[in-house]
Amino acid sequence: MNFFKKNRRSLMLISALIVVVLVIVILKPSDHGAPHDAYFAALNDELKKNGSGRPVILVDMDRLDKNLTLLKESIQPPIAYRLVVKSLPSTHMVKYIMQKTGTKKLMVFHQPDLNLLAAQAFHDVDILLGKPMPINAVREFYATVPRETGFDPGRQVQWLIDTPQRMKQYLAFAAEKNITLRCNIEIDVGLHRGGATNMDDLDEMLKIVSDSGDRLKFSGYMGYEPHVASALPLLKKKEAAVRDAYAEMMARYREFYDFGKKHYPGFFSNELTFNSGGSHTYRLFKGEGPVNDVAVGSGLVKPSDFDTLLLTDHLPALMVAAPVLKRLDGTTVPFLEKLSWIFPLWNPNQQVTYFIYGGGWRANFHSPKGLEGNAFFGLSTNQSVANGSRKTALAVDDYIFLRPTQSEAILREFGDIVLVRGGKIVDRWSSFPQ
Ligand SMILES: Cc1ncc(COP(=O)(O)O)c(C=O)c1O
């Protein structure tokens, strides 16, 4: 008893010390740094030799080709492939993928993109709008569409219509201009992002088309369903959850299809587009349902939001590369200069500070491994900061590689896209304007 009383203070001190050591061992960051691997080291050398000395967005064409092979293996007749233009917004890129896949079907989401394609002699493609355009955007399109390229909107464009109200607006516009508008009806097959949710709305839309004379023409349905890939595996495997969600979605699609076919049989005798799918789900479509048209874009370059179950074997083909402008030892923060020695001591990933050309992209540090941002410096789109351990081993003029989370906005940001094959720069393709 006496012994414990006497040694109580020392026991408490020892316990406190153990807790502190444990906290340090558990919380202290380990060194995540590693230099570029062979792939990125080769790209770094190439960019230093032949690059523009500014941040660029790269597409690895060998990897894109591999992803295109996977796509072609999976999308087979009776399903047709439709390229999602917004996800690869470059005329050259669109033409390249059309040629590689043999498709003449595009999905477009932005009125100026539609005008751009119309102006660039895409006179033999079929364009399905991926979202409903406000009637003023349709008006703007018709006011500015070039006539001399042979682009024929009445034959080549399928406008997406989500409500009876919008269908009426399109009818009034078609009557005013004495033109025919092809209308594809958006149906809600579980995503709840809009479109017909019930047969009454669908019926009303089909009736407006039916009563419109030649002003409106029914061209099919579009039911987008990326939620299928996010099905929660409650009491079952993820694969089973996704398969069940797909079956449920397809059953809903079929209800809309059967209703239309039963009540408007005349519409269903023509060649129609029953679109669905996207990168997250395209591999589920095997042609067993009414869907005959599947749209895919992003998965062909696989930004990081597409690191999903069904795209496991797709290769990331898109990278931002930005040159290092300055390399400083340690991490020195304004007003905390005297304390700055603590940062690398606590976190080895702050042994070196790099300032890089540009920043603020929707992209995460990818190579060399172990780079991180710095909360003290915050976000800069002009000259951003990256901290890393000495193992990251970069010098001034070396490149840092970042992997975009998505492709659509970032591909427009840089103005052009640098193409790489076998680790060498082979071309530059301009992207669509922002
Ligand atoms: C209607 C529609 N279809 C298909 C897609 C698939 O595009 P991606 O393959 O680029 O994800 C999208 C994506 O936003 C979409 O909105």
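Q: A crossing counts as left-handed if the near helix is turned anticlockwise from the far one by less than a right angle, and as right-handed if clockwise. Is the crossing of helix 3 and helix 4 left-handed or right-handed?
A: Helix 3 crosses helix 4 in the right-handed sense. Bear in mind that this is a predicted model.

Q: What are the angle and the axis distance for helix 3 and helix 4?
A: The angle is about 45°, and the axes are 10 Å apart. Helix 3 covers residues 61–74 and helix 4 covers residues 91–101.

Q: Where is Pro368, and what is the peptide bond from Ser367 to Pro368, cis or trans?
A: Pro368 lies in the loop between strand 12 (363–367) and strand 13 (383–388). The bond from Ser367 is cis, and its omega is near 0°. For context, most peptide bonds are trans.

Q: Back up a bit. How many helices and strands are in the protein?
A: Twelve helices and 16 strands. The C-alpha trace spans about 100 × 65 × 40 Å along its principal axes.

Q: What share of the residues is buried?
A: Of the 434 residues, 39% are buried. As for contacts with a separation of 6 or more, 69% are between residues 24 or more positions apart.

Q: Now helix 10. What span should it have, and what span does the model give?
A: Helix 10 runs over residues 238–263, which is 26 residues. At 1.5 Å a residue it should span 38 Å, and its end C-alpha atoms are 38 Å apart, so the two agree.

Q: What is the geometry between helix 9 and helix 10?
A: Their angle is about 40° and their axes are 11 Å apart. Helix 9 is therefore oblique to helix 10. Their crossing is right-handed.

Q: Which residues make that contact?
A: Helix 9 supplies Met199, Leu202, Asp203 and Leu206, and helix 10 supplies Phe256, Phe259, Gly260 and His263. By class, five are nonpolar, two polar and one charged.

Q: Different topic. Which residues other than glycine have a positive phi?
A: Among them are Asn178, with phi of about 55°, and Phe335, with phi near 75°. Most residues other than glycine have a negative phi.

Q: Is Asn178 buried or exposed?
A: Asn178 counts as exposed, because 8 C-beta neighbours inside 10 Å is within the limit of 12 or fewer. Asn178 is in the loop between helix 8 (164–177) and strand 6 (181–186).

Q: And Phe335, buried or exposed?
A: Phe335 is exposed, with 7 C-beta neighbours inside 10 Å. Its place is the loop between strand 10 and helix 11.

Q: What about Pro348: where is it, and is it buried or exposed?
A: Pro348 sits in the loop between helix 11 (342–346) and strand 11 (352–357). Pro348 is buried because it has 20 other C-beta atoms within 10 Å, and the cut-off is 20 or more.

Q: What does Pro348 touch, leaving out residues up to four places away in sequence?
A: Pro29, Asp31 and Ser389. Also, Pro348 and Asn387 are 39 residues apart in sequence, with their C-alpha atoms 9.5 Å apart.

Key: Residues are numbered from 1 along each chain as its sequence is written. This is a predicted model: local features need pLDDT of at least 70, side-chain atom pairs count only at pLDDT 80 or more; totals for chains, interfaces and linings use all residues. Helices (H or I, at least four residues) and strands (E, at least two) are DSSP runs, numbered from the N terminus. Two residues are in contact if their C-beta atoms, placed from the backbone, lie within 7 Å. The expected span of a helix is 1.5 Å times one less than its number of residues. Axes are lines fitted to C-alpha atoms, for helices over the stretch in contact, and angles run from 0 to 180 degrees between N-to-C directions. Angles under 35 degrees count as roughly parallel, over 145 as roughly antiparallel, 65 to 115 as roughly perpendicular and the rest as oblique. Ala, Val, Leu, Ile, Met, Phe, Trp, Tyr, Cys and Pro count as nonpolar, Asp, Glu, Lys and Arg as charged, and the others, Gly among them, as polar.
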